[in-house]
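Student: Hi! Could you walk me through this model while I look at it?
Tutor: Happy to; here it is.

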Amino acid sequence: LRRSESQLKEADRLKDEFLATLAHELRNPLAPLRTSLELIRLPDNTPEDVEEIRVMMEEQVALLVRLVDDLLDVSRITSGKIRLQRQPSLLSSLVGTAVQANRAAIDAGQVTLNIVLPKTPVSLDVDPTRFVQVISNVLNNAIKFTDPGGEIRVAAELVRSTDARNDEVVIRITDSGIGIPREMLPRVFELFAQGDTTAHRSHTGLGIGLALARRLIGMHGGSIDAHSDGPGSGATFSLRMPVSQTVEDTRPSPAPPVALRISRRVVVIDDNPAAARSIQRLVTALGGECLVAHSGESGLAHIRELRPDIVILDIGMPRLDGYETCRRIREEFGSDMFIVALTGWGQDRDKQNAMEAGFDVHLTKPADPIILEKLLAGAGQSAQL
């Protein structure tokens with residue numbers, strides 16, 4: 001009984017600590033977002049001021065999305081709901097994407113980043129999105145615990161074996177940061193693990209990123225370990241993955257992005273007025289025509305009036321929810337109309353329910369604006385999204 005009581009007290013303490021940390025991490029990006037909204041209201045803003053504020057808000061939204069995605073991924077992994085979609089992927093592309101995802105944090109942290117990759121292009125059999133997440137999480141951890149003026153090095157080495165099928169690539173992410181105490185090293189990959197980060201309290205995080213990295217790379221058949229000589233000596237995280245093959249990189253350079261213009265009729269149905277209005281502004285800014293409704297019933301009336309090319313439809317609405325609204329659209333107008341589910345419900349089961357109800361595409365809020373623009377321009381079909 002005493003042991004059970006002690007375990008319950010410890011569990012309660014950890015829960016309170018986690019909730020306090022979660023509140024702290026949510027407030028960090030929310031504070032500048034709130035201030036930025038007030039700044040936009042001021043009458044004497046120049047276009048340069050607005051652009052600076054917009055960039056800052058975009059960065060903070062990205063932090064919030066990352067936090068929520070990490071929390072959801074913990075749930076998906078522990079319940080076995082993540083399925084890898086593997087394909088041959090160039091190591092250079094994976095590292096480049098992870099670095100780009102952390103570019104704003106690297107610049108804000110005023111750290112120097114050095115990247116060293118094998119001269120021979122290396123291909124890995126991975127789920128590109130999930131493997132980039134592994135590299136990105138470890139890199140993000142290094143950035144958070146490296147002081148301005150410090151250095152981070154991402155170095156990949158091709159380790160040959162007598163049997164080419166057993167060749168490995170080792171990616172070492174080394175920082176000159178605060179280091180890891182010896183007693184903490186065995187625990188850095190545990191969920192919600194936190195070291196003594198008093199000097200970096202504003203960057204504690206939830207203790208999720210490294211745990212996710214270990215579980216995801218394990219699902220790929222790889223491994224990750226950490227080394228540090230102690231406080232003040234920095235840290236090195238080593239990722240090991242079997243090599244699929246070495247290839248010549250003959251891919252053409254990506255074309256520069258082109259501003260999309262559309263001539264589409266769109267109906268947005270969402271009981272959240274702010275969410276609906278933001279999509280309407282995006283559609284009209286791209287040259288399209290858009291009507292907004294805040295219920296399934298009024299949405300159906302707008303569809304009868306406008307006969308849109310695309311319907312963007314929320315799921316969780318009162319009375320007539322998104323699933324039933326979609327079914328009624330299909331019954332009345334057939335399969336020609338392109339219907340997009342844009343919702344906060346993003347589990348695999350939610351996506352399956354959307355497809356069964358007749359949606360063409362399921363997007364989870366907050367959707368990537370680039371994907372939305374491509375979809376509105378007719379450049380994206382469900383298979384490409």
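**Salt bridges and buried faces**

Tutor: Let's begin with a trio: Glu-51, Arg-54 and Glu-58 are linked in a network of salt bridges. A salt bridge here is a side-chain nitrogen of Lys or Arg within 4 Å of a carboxyl oxygen of Asp or Glu.

Student: Before we go on, what sort of model is this?
Tutor: This is a predicted model, in which local features need pLDDT of at least 70 and side-chain atom pairs count only at pLDDT 80 or more, while totals for chains, interfaces and linings use all residues. Residues are numbered from 1 along each chain as its sequence is written, and side-chain values use heavy atoms, with hydrogens and water left out.

Student: Thanks. How many salt bridges are there in the whole structure?
Tutor: The search finds 17 salt bridges.

Student: Which residue does Asp-107 pair with?
Tutor: Asp-107 forms a salt bridge with Arg-103, and their closest N and O atoms are 3.9 Å apart. Both residues lie in helix H4 (residues 103–109), four residues apart, about one turn of the helix. Helices are DSSP runs of H or I with at least four residues, strands are runs of E with at least two, and both are numbered from the N terminus.

Student: What about Arg-330, which residue does it meet?
Tutor: Arg-330 and Asp-360 meet in a salt bridge at 2.7 Å, N to O. That pair links distant parts of the chain, 30 residues apart: Arg-330 is in helix H9, and Asp-360 is in the loop between helix H10 (348–357) and strand S13 (361–364).

Student: Is Arg-330 buried or exposed?
Tutor: Arg-330 counts as buried because its relative accessible area is 17%.

Student: Changing topic: which residues of helix H3 are buried?
Tutor: In H3 (residues 91–101), the buried residues are Leu-91, Leu-94, Val-95, Ala-98 and Val-99. They cover an arc of only 130° around the axis, so they sit on the same side of H3. The arc is that of the directions from the helix axis to the C-beta atoms.

Student: What does the face turned away from the buried side carry?
Tutor: That face of H3 carries the exposed residues Gln-100 and Ala-101.

Student: Now the strands. Which strand pairs with S1?
Tutor: Strand S1 (residues 87–90) pairs with S3 in the antiparallel sense, over four bridges. Two strands pair if DSSP finds at least two bridges between them. Leu-90 stands opposite Ser-123 in S3.

Student: How many residues of S3 are buried?
Tutor: Four of the five residues of S3 (residues 122–126) are buried, and the strand is mostly covered.

Student: What is Gln-133 in contact with?
Tutor: Leaving aside neighbours within four places in sequence, Gln-133 is in contact with Asp-70, Asp-73, Leu-212 and Leu-216. Contact means heavy atoms within 4.5 Å. Gln-133 lies in helix H5 (residues 128–144) and is buried, with a relative accessible area of 12%.

Student: And what about Phe-338, where is that?
Tutor: Phe-338 is in strand S12 (residues 338–343). This residue is buried, at 15% relative accessible area. Its C-alpha atom is separated by 8.6 Å from that of Ile-312, 26 residues apart along the chain.

Student: Last one: what are the totals for the chain?
Tutor: The secondary structure comes to 11 helices and 13 strands. Of the 385 residues, 41% count as buried. Among contacts between residues at least 6 apart in sequence, 69% join residues at least 24 apart.

Notes. Buried < 20%, exposed > 50% of the residue type's maximum accessible area, 1.4 Å probe, protein only.
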